[in-house]
Amino acid sequence: MINKTISIYYEPPKVSERYFDTILKRIKRIYPIYNIHKYPISNISALKLSIITHHPRVILTYKDIHSKFNEKLLFDGISLIPNNVTLVKYQSTSFFDTYYLLLHEIGHLFGLPHCINKSCIMGVIQKENKINYVWRKLSKRKVLTKRSLLCSYCKAVLQRFAIATDAGG
């Protein structure tokens, strides 16, 4: 297991604290995370995201996430790998959507790319000029599943990441 601690900075969710903690425990079951530190904050803008750190950070916000290069381009979530940070916008449709998006973006922090598996949390399905994310399909089930959400390819990538990280690479 990677002895990683993730810090989650979040605007208070519109679900109970107990439910939020249950979500975080399930994330720890899927990814090699040793500990999750929670930091409720009221001003996301005050965080210094440009700082590069080896300590993964997750920021959960209600604010729109814009591209630096195109203000019209909005993201549900984005991982900034060099900075070891992922930004996730709470999804207004349901907290299940936020949970699955969070799982997807944390996967990027652990080195997982998008894959083509239609049942993997990292999966994307491209049809013509449109990209559909598998996490959206999974969230429609409205279940905090106990089954594995990673395909065998992504599990192997995660395992290689864990070995490289444990070796200091």
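Tyr 90 and Phe 95 are both buried. Their ring centres lie 6.3 Å apart with planes at 35°, so the pair counts as tilted. The model is predicted.

**Aromatic rings**
- The whole structure holds eight aromatic pairs.
- Tyr 9 and Tyr 39 form a stacked pair, because their planes meet at 20°, under the 30 degrees cut-off. The ring centres of Tyr 9 and Tyr 39 are 5.1 Å apart.
- Tyr 9 sits in strand β1 and Tyr 39 in strand β2, so this pair ties together parts 30 residues apart in sequence.
- Tyr 39 is partly exposed, with a relative accessibility of 35%.
- One aromatic cluster is made up of Tyr 10, Tyr 19, Phe 20, Tyr 62, Tyr 90 and Phe 95.

**Sheet**
- An open sheet of five strands runs in the order β2-β1-β3-β7-β6, with mixed pairing.
- Strands β2 (33–40) and β6 (77–80) are the edges, each pairing on one side only.
- From one strand to the next, the twist averages 15°.
- Strands β1 (residues 4–10) and β3 (residues 57–61) run parallel and are joined by four bridges.
- Tyr 10 has Leu 60 of β3 as its bridge partner. Tyr 10 also belongs to the aromatic cluster.

**Helices**
- Helix α1 (residues 17–30) packs on the sheet and touches β1, β2 and β3. The direction of α1 makes about 150° with that of β2.
- Helix α2 (residues 95–109) lies across β1, β3, β6 and β7 (85–89). Helix α2 runs at about 165° to β7.

Note on methods:
Residues are numbered from 1 along each chain as its sequence is written. This is a predicted model: local features need pLDDT of at least 70, side-chain atom pairs count only at pLDDT 80 or more; totals for chains, interfaces and linings use all residues. Side-chain values use heavy atoms; hydrogens and water are left out. Two strands pair if DSSP finds at least two bridges between them. Helices (H or I, at least four residues) and strands (E, at least two) are DSSP runs, numbered from the N terminus. Axes are lines fitted to C-alpha atoms, for helices over the stretch in contact, and angles run from 0 to 180 degrees between N-to-C directions. Contact means heavy atoms within 4.5 Å. Rings of Phe, Tyr and Trp (its six-membered ring) pair if their centres lie within 6.5 Å; planes under 30 degrees apart count as stacked, over 60 as edge-to-face and the rest as tilted. Buried means under 20% relative accessible area, exposed over 50%, partly exposed in between (1.4 Å probe, protein chains only).
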